[in-house]
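Me: I'd like to go through the packing in this model with you. Can you tie each label to its definition as we go?

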Amino acid sequence: MPSTRTVASIGAILTFAALLLQYWLQFRAMPGASPLAVTWRYFGYFTILTNSLVCVTWTVAAREGDARHRSTLEGIALTNIVMVGLIYHLLLAGTWRPEGAQWGADFIVHTVTPILFAVYWLARPHGALKWWNAVTFMAWPLAYCIYALVRGAFDGWYAYWFLNPATTSLPILALSILAQSVAFIAAGLGVIALDKKLAARASRSPQPSASPSAP
């Protein structure tokens with residue numbers, strides 16, 4: 001079985017390649033736009049920001065190995081990248097049909113990276129997460145909602161229809177953000193519960209006996 005450090009290295013390279021491909025595709029989708037305008041649009045997507053967070057998390061893991069001090073960061077990354085995949089496949093995948101290179105980038109950031117990061121996280125040491133960390137995990141998407149609304153107020157562009165006040169009434173918009181927050185907290189609690197269960201299982205596993213010292 002490959003080590004978590006190896007999985008982190010592979011995941012970081014794969015996700016970074018997909019992010020670079022998506023950046024190039026953003027240039028193609030905005031002919032004549034300046035690099036600044038393309039970059040501004042590119043970083044308007046929760047998917048891009050969360051995959052970037054995962055890529056950074058994996059890069060740190062590839063350098064440090066199995067360090068327990070990253071538990072909160074990895075919990076944030078896991079909760080949010082899994083929700084990226086779920087929200088995309090449940091709400092957004094049916095609204096378009098990507099082809100070619102766009103399909104490849106889309107498949108990696110919405111499907112491969114969430115699954116691979118979940119596999120990586122399951123193989124990590126567990127037991128450091130606390131129940132209150134669920135609020136921390138929810139802070140990332142809530143901060144994005146505020147960011148998306150503020151930047152949209154300036155340029156009139158919103159990455160997701162459910163965060164667009166031009167097409168969604170304010171009560172429905174507020175309800176959407178509340179529902180998302182509840183969903184992310186629930187997902188975070190699920191991650192923490194699983195973390196505690198895996199830690200308890202590991203503590204019950206028989207430990208290898210120490211080899212006798214030489215006389």
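Me: What is L163 in contact with, beyond its neighbours within four places in sequence?

Reply: Leaving those neighbours aside, L163 is in contact with Y144, C145, A148, L149, Y158, L173, I177 and Q180. Contact here means heavy atoms within 4.5 Å. Bear in mind that this is a predicted model, where local features need pLDDT of at least 70, side-chain atom pairs count only at pLDDT 80 or more, and totals for chains, interfaces and linings use all residues. Residues are numbered from 1 along each chain as its sequence is written, and side-chain values use heavy atoms, with hydrogens and water left out.

Me: Which residues have the most contacts inside the largest nonpolar core?

Reply: W58, F117, Y120 and L163, in a core of 36 residues. A nonpolar core is a set of buried Ala, Val, Leu, Ile, Met, Phe, Trp, Tyr and Cys residues joined through side-chain atoms within 4.5 Å, and buried means under 20% relative accessible area (1.4 Å probe, protein chains only). The largest share of this core, eight residues, comes from α4.

Me: Why is α1 called oblique to α2?

Reply: The axes of α1 (residues 4–29) and α2 (residues 35–42) cross at roughly 125° and come within 10 Å. Angles under 35 degrees count as roughly parallel, over 145 as roughly antiparallel, 65 to 115 as roughly perpendicular and the rest as oblique, so α1 is oblique to α2.

Me: Which residues of α1 and α2 meet?

Reply: L19, L20, Q22, Y23, Q26 and F27 in α1 meet P35, V38, T39, R41 and Y42 in α2.

Key:
Axes are lines fitted to C-alpha atoms, for helices over the stretch in contact, and angles run from 0 to 180 degrees between N-to-C directions. Helices (H or I, at least four residues) and strands (E, at least two) are DSSP runs, numbered from the N terminus. Buried means under 20% relative accessible area, exposed over 50%, partly exposed in between (1.4 Å probe, protein chains only).
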